[in-house]
Amino acid sequence: MQNLTELIREDMKPALGVTEPGAIAFAVASAKKYTEGKIVNVHVALNSGMYKNAFTCGIPNSERFGNYYAAALGAVAADSEKGLESLADITPEDDEKAAQMVSDGLVEVVMDHVGSEITIDAVVTTENNRCKVMIRDAHTNIVKIEKDGIVIFETEDKMYRDESRKKQARPVIHGYSLAEILRYVNTVPVEEIAFIEKAYTMNLELLKEGLASDRAVFAKKLYRENGNRIISRDALKTAQLLCNGAIEARVLGLSRPAMSITGSGAHGIIATMPLYAYRHANEDKTDDETLWRATALSYLITMYIKEYSGRLSAFCGCGIAAGTGMACGLAYLQGADGEKHTKVIQNMASGLTGMICDGGNHGCTMKGIVAVDAAFRATDMAMDDICIENIHGINGRTPEATMKYMGMIASPGMTGTEKTIVEIMESKK
């Protein structure tokens, strides 16, 4: 069972801005450091999810947005040693240099296929060298580096080249049932999961950055609705502010990181901050230990669904996967048993599955607002033993099956939807 602790620990990572621009900049910066001389061309090929998610999202420390500028900043000044925070030290001068590169036509970014698994191929060509960096399956997972046609690094795990083997590999989280996950959450020594506290601290600082910014309009509206307080006794209004104020700050590219889960800062925010809000709005009913356990459950349910849907797909994993995880966490804070958690999952599957992802952008804030409302309502219904029964729609005979079917709607179910979304976005260039 303690494997689940390591699963959470390894997946929780700080991410500055929307994860995809950071990953693009990281890939380009990783290639550039093996080259010398003046840059002639930067070429980045992405899967549809990567391409779409970075298409119009804000970039940390930049006045620009989108794929091209993320790639250009990777070539100009990103620090590959900082992983998903590679853009943390960008200056206004760097931003202008990157803009000039784009203006000069030195940057190309293309979508090379429709797919939910992460792929980034970044090629930096200078007057002296050409280096290609290949990333697969996770935003910073470099599997191969070629310099001037010679392979200088290749991961020992060749599974990334064997698609049939990859599809047969069973994700660790799918080796556990909901009952086993709940048993772990209830019995894991609390000090073993105390590291989860970092997520609330980091995401709360991101929210405050948003409230201080003139660009964040949703955060200020939600703040007013919460009585001009960050924490009030109204759990839902506090949850909306903490969650979606932080998401807005993130998609605008403000300069503080989010604690990501499953490679996404927005997933990490949704999976945690409504639970933090509920705990502090109901201080007389719950405590920090219960909050940590509820958050561990939220993370694991999010992972369970995401391993079926793929890291990046046509459905909004933030709302659907992380929203379902968060709803289970809310139920846990209210003392739910396994049967009630099953009902929560069925309510979320019936109500929210199908919400599309049209990239990392300001619209993520609105999707987060919908997800929080849905999770509170689904939990409230389930706690009163009201749910959409498993004979209906995509609900399965077991909670594990329901979560599997939720993921399958995205991949392979929404492949055509993904293509249409990208076509619509490109038509507005």
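Helices (H or I, at least four residues) and strands (E, at least two) are taken here as DSSP runs, numbered from the N terminus. Axes are lines fitted to C-alpha atoms, for helices over the stretch in contact, and angles run from 0 to 180 degrees between N-to-C directions. The structure above is a predicted model, in which local features need pLDDT of at least 70 and side-chain atom pairs count only at pLDDT 80 or more, while totals for chains, interfaces and linings use all residues. Residues are numbered from 1 along each chain as its sequence is written, and side-chain values use heavy atoms, with hydrogens and water left out.

Let us start with helix α1 (residues 3-11), which packs with helix α12 (residues 288-309) at an angle of about 80 degrees, their axes 11 Å apart. The two are therefore roughly perpendicular, a label for angles of 65 to 115 degrees; under 35 counts as roughly parallel, over 145 as roughly antiparallel and the rest as oblique. On the α1 side, Leu-4, Leu-7, Ile-8 and Asp-11 meet Ala-296, Tyr-299, Leu-300 and Met-303 of α12, where contact means heavy atoms within 4.5 Å. Seven residues of this contact are nonpolar, none is polar and one is charged. In this scheme Ala, Val, Leu, Ile, Met, Phe, Trp, Tyr, Cys and Pro are nonpolar, Asp, Glu, Lys and Arg are charged, and the others, Gly among them, are polar.

Now turn to another helix pair. Helix α14 (residues 338-352) and helix α15 (residues 363-383) pack at about 140 degrees, with axes 8 Å apart, and are therefore oblique to each other. Among the residues making the contact are Lys-340, Lys-343 and Val-344 of α14, together with Val-370, Ala-371 and Ala-374 of α15. The contact of α14 with α15 divides into eleven nonpolar, two polar and two charged residues.

Stay in α14 for a moment, as Gln-346 lies in this helix. Is Gln-346 buried or exposed? Its relative accessibility is 5%, so Gln-346 counts as buried; buried means under 20% relative accessible area, exposed over 50%, and partly exposed in between (1.4 Å probe, protein chains only). Not counting residues up to four places away in sequence, Gln-346 touches Cys-387, Ile-388, Glu-389, Asn-390, Asn-395, Gly-396 and Thr-402.

Next come the cysteines. How many disulfides does a search of the whole structure find? The search finds zero, a disulfide being a pair of cysteine sulfur atoms within 2.5 Å. For Cys-57 the closest cysteine sulfur is that of Cys-364, and because it is 8.6 Å away it is too far for a bond. Cys-243 is in no disulfide either, as its nearest cysteine sulfur, in Cys-318, is 9.2 Å away. Cys-57 is buried at a relative accessible area of 0%, and Cys-243 is also buried, at 0% relative accessibility.

Strand β3 (residues 107-113) holds Met-111, which is partly exposed at 28% relative accessible area. Leaving aside neighbours within four places in sequence, Met-111 is in contact with Leu-46, Asn-47, Ser-48, Tyr-51 and Val-422.

Finally, some backbone details in the loops. Ser-411 and Pro-412 are joined by a cis peptide bond with omega of about 15 degrees, and Pro-412 sits in the loop between α16 (399-410) and α17 (415-427). Asn-61, a residue other than glycine, has a positive phi near 65 degrees; its place is the loop between α3 (48-53) and α4 (67-76). Asp-148 has a positive phi near 50 degrees and lies in the loop between β6 (142-147) and β7 (150-154).
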